[in-house]
Amino acid sequence: MKKTVSVILALVLLFLFCGCVKRIDMPFNGNVKFREIELTIPERFVRDSTQSSENMFIFERGYYEEYIIISGNESQNAAAPDLGLEKYMEQMLSVNAESKIIPFLDRKAVLSTYYKEDLYCQEVFFYHGSQAYAIALRGGTEDAFWEIANSVRTGEETENAAG
């Protein structure tokens, strides 16, 4: 009896540690919820759980030939988003990014284009609720960036779509 229980326990532990059990809180691609937003991560990407954290998800393709960064943090500037967007745009311009304010998700956002580690990068920065969000694609094309950015939905949009 003890031997059977030991074998079953060993198999259960093996399944848990080898990743055979899907974790709900660890989205690897597809429809991903991050704080109060949702977006669709293309299948060619996989989440790097070793680099991701509570404040940032990272999805990569081809050993970081191309990668997506989704970040979000509480922000006092969310109460006055225009001022916060201007500050962020100035910060991006100071590091030689092309940066401008655009309409995004029925609000204003900062769109920045730059090179980092020889990779072409695009990023959109916006406020929703009390959070500041940034979604960046590094190493991809403009079309690939907009495929991801255009999939972003806020909590209200996802609730309205479900109901």
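Is E65 buried, partly exposed or exposed? In this predicted model, E65 has a relative accessibility of 47% and therefore counts as partly exposed. The residue takes part in a salt bridge with R61, in which the closest N and O atoms are 3.4 Å apart. R61 is likewise assigned to the partly exposed class, its relative accessible area being 27%.

A salt bridge also joins the side chains of R61 and E66, with an N to O distance of 2.6 Å. E66 has a relative accessibility of 6%, and because buried means under 20%, this residue counts as buried. These contacts belong to a network of salt bridges that links R44, R61, E65, E66 and E147. The structure holds 6 salt bridges.

Another of these pairs consists of K108 and D82, whose side chains meet at 3.7 Å, N to O. This pair links distant parts of the chain, with K108 in strand 7 (residues 107-116) and D82 in helix 2 (residues 81-94), 26 residues apart. K108 is partly exposed at a relative accessible area of 46%, and D82 is partly exposed at 44%.

An open sheet is formed by 3 strands in the order 1-2-10, and the pairing is antiparallel. Strand 1 (30-34) and strand 10 (153-154) stand at the edges; each has a single partner strand, so one side of each is left without a neighbour in the sheet. Strand 2, comprising residues 37-41, pairs with strand 10 over 2 bridges in the antiparallel sense. Within the sheet, I37 is found opposite T154 of strand 10.

Conventions. Residues are numbered from 1 along each chain as its sequence is written. This is a predicted model: local features need pLDDT of at least 70, side-chain atom pairs count only at pLDDT 80 or more; totals for chains, interfaces and linings use all residues. Side-chain values use heavy atoms; hydrogens and water are left out. Two strands pair if DSSP finds at least two bridges between them. Helices (H or I, at least four residues) and strands (E, at least two) are DSSP runs, numbered from the N terminus. A salt bridge is a side-chain nitrogen of Lys or Arg within 4 Å of a carboxyl oxygen of Asp or Glu. Buried means under 20% relative accessible area, exposed over 50%, partly exposed in between (1.4 Å probe, protein chains only).
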